[in-house]
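Please read this briefing with the sequence and the 3D view side by side.

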Amino acid sequence: MALLFFTVGARAVVEAPLRLVYAETSTAGQASKEYLLEPGPGGGWRIVLREGRVERVIVCDAALDTLREEYRDPASGDSLTMRREGDALRLTGTREGRAVDRSFPLEAPWYGSVLLLRAFVLSDAPEALFHVSKPEAEQVLLLRAIRQGAETVEAGGRPVEAVRVKYTVPGVRGLFWSSLYWYRASDGLLVRTEETRGGPGTPTVFAELLEAVPAPGVLGTAAPGPGLAGASPRPALP
């Protein structure tokens, strides 16, 4: 799942939190998901996702590269931290009442959230490889992002000019699993998804961005609700 305002060779302006609210629909019903992006130490970012009592925190540096992912579930007692150590990711903590200490090799950039694909979306690259992590399942996955062109989609009740990206896995397994993501063409903000969160036959989860309350210097004049579709400037970069 990294980061919304990903930059290459530049420092992002971080002045105040940014709240993103997504509505999700599947055969299981409707739900909402809320992300809070807030300033972190050294000019970096913290992305906080809460689903019920479960909390996931992703920590990025000033260039918005993922440094650490934390997962806490008070109900189960699970408490896990995934952190970058050189060319590997190390997972430590407690899961299902047992101690965990595992390492995973890194073959590509690590994005703690699908929000972090901004650099790829705003580039001309046809595809890219990246890792995502699932501490609660003790997994680090290698995914393939494939650009599928421009498209107008609905988000927050308004049409949005977006870039469609297909996520799949490298090799033959890619024939059996994929998900679709739409990022706003003006600034790379994730606005819509069609996700398969499991193996073949898993119900599709549809999501769209309902509200984006921006931090000064990040999304400029973008407004929540109906104003979401307005073309906002890219983040201000020094």
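**Glu 138 and the model as a whole**

Glu 138 counts as buried, at 9% relative accessibility. The model described here is predicted. The protein has 14 strands and one helix. Of its 238 residues, 45% count as buried, and the accessible surface comes to about 10900 Å², with 52% of that belonging to carbon and sulfur atoms.

- Glu 138 is in the loop between β9 and β10, the latter covering residues 139-155.
- The phi of Glu 138 is near 55 degrees, a positive value in a residue other than glycine.
- Glu 96 is not a glycine either, and has a positive phi of about 55 degrees.
- The loop that holds Glu 96 lies between β7 and β8.
- Is Glu 96 buried or exposed? At 60% relative accessibility, Glu 96 counts as exposed, whereas Glu 138, at 9%, counts as buried.

- Strand β5 (residues 66-73) and strand β6 (residues 78-85) run antiparallel and are joined by six bridges.
- In this pairing, Asp 73 stands opposite Asp 78 of β6.
- The hairpin of β5 and β6 has four residues between the strands, and Gly 77 in its turn has a positive phi of about 85 degrees.
- β6 also runs antiparallel to β7, with seven bridges joining the two.
- Thr 81 has Thr 92 in β7 as its bridge partner.
- Two residues separate β6 from β7 in their hairpin, where Gly 86 in the turn has a positive phi of about 65 degrees.
- β7 (residues 88-95) pairs in turn with β8 (residues 98-105), in the antiparallel sense and over eight bridges.
- Arg 90 has Ser 103 in β8 as its bridge partner.
- β7 and β8 form a hairpin with two residues between them, and Glu 96 is in that turn.
- As a general point on strands, side chains in a regular strand alternate between the two faces of the sheet.

**Aromatic rings**

- How many aromatic pairs does a search of the whole structure find? The search finds four.
- One of these is the pair of Phe 130 and Tyr 167, which is edge-to-face, with 5.3 Å from centre to centre and 65 degrees between the planes.
- This pair links distant parts of the chain: Phe 130 belongs to strand β9 (residues 127-134) and Tyr 167 to strand β11 (residues 158-168), and the two residues are 37 apart.
- Phe 130 is buried, with a relative accessible area of 1%.
- Tyr 167 also counts as buried, at 1% relative accessibility.
- Through ring pairs, Phe 130 and Tyr 167 are linked with Tyr 111 and Tyr 181 into a cluster.
- Elsewhere, Arg 147 has its charged end over the ring of Phe 120, 5.0 Å from the ring centre.

**His 131**

- His 131 is placed in strand β9.
- His 131 is buried because its relative accessible area is 3%, and buried means under 20%.
- At 2.9 Å, the side chain of His 131 reaches the backbone nitrogen of Glu 107.
- A polar atom of the His 131 side chain also lies 3.4 Å from the backbone oxygen of Leu 141.
- Leaving aside residues up to four places away in sequence, His 131 touches Pro 105, Leu 106, Glu 107, Ala 108, Pro 109, Trp 110 and Tyr 111, together with Val 140, Leu 141 and Leu 142.
- Tyr 111, one of the residues touched by His 131, is also part of the ring cluster.

**Thr 202**

- Thr 202 is in the loop between β13 (190-196) and β14 (204-213).
- With a relative accessible area of 27%, Thr 202 is partly exposed; the partly exposed class is what falls between buried, under 20%, and exposed, over 50%.
- Residues up to four places away in sequence not counted, Thr 202 touches Thr 196 and Arg 197.
- Thr 202 and Trp 177 are 25 residues apart in sequence, and their C-alpha atoms are 9.8 Å apart in space.

Terms used:
Residues numbered from 1 in each chain as written. Predicted model: local features only at pLDDT ≥ 70, side-chain atom pairs only at ≥ 80, totals over all residues. Heavy atoms only, no water. Pairing = 2+ DSSP bridges. Phe/Tyr/Trp six-rings, centres within 6.5 Å; stacked < 30°, edge-to-face > 60°. Buried < 20%, exposed > 50% of the residue type's maximum accessible area, 1.4 Å probe, protein only. Lys NZ or Arg CZ within 6 Å of the ring centre and 35° of its normal. Contact = heavy atoms within 4.5 Å. Areas by Shrake-Rupley, 256 points an atom, 1.4 Å probe, with all protein chains shown as cover. Polar contact = N/O pair within 3.5 Å; in protein donor to acceptor, adjacent residues only side chain to side chain.
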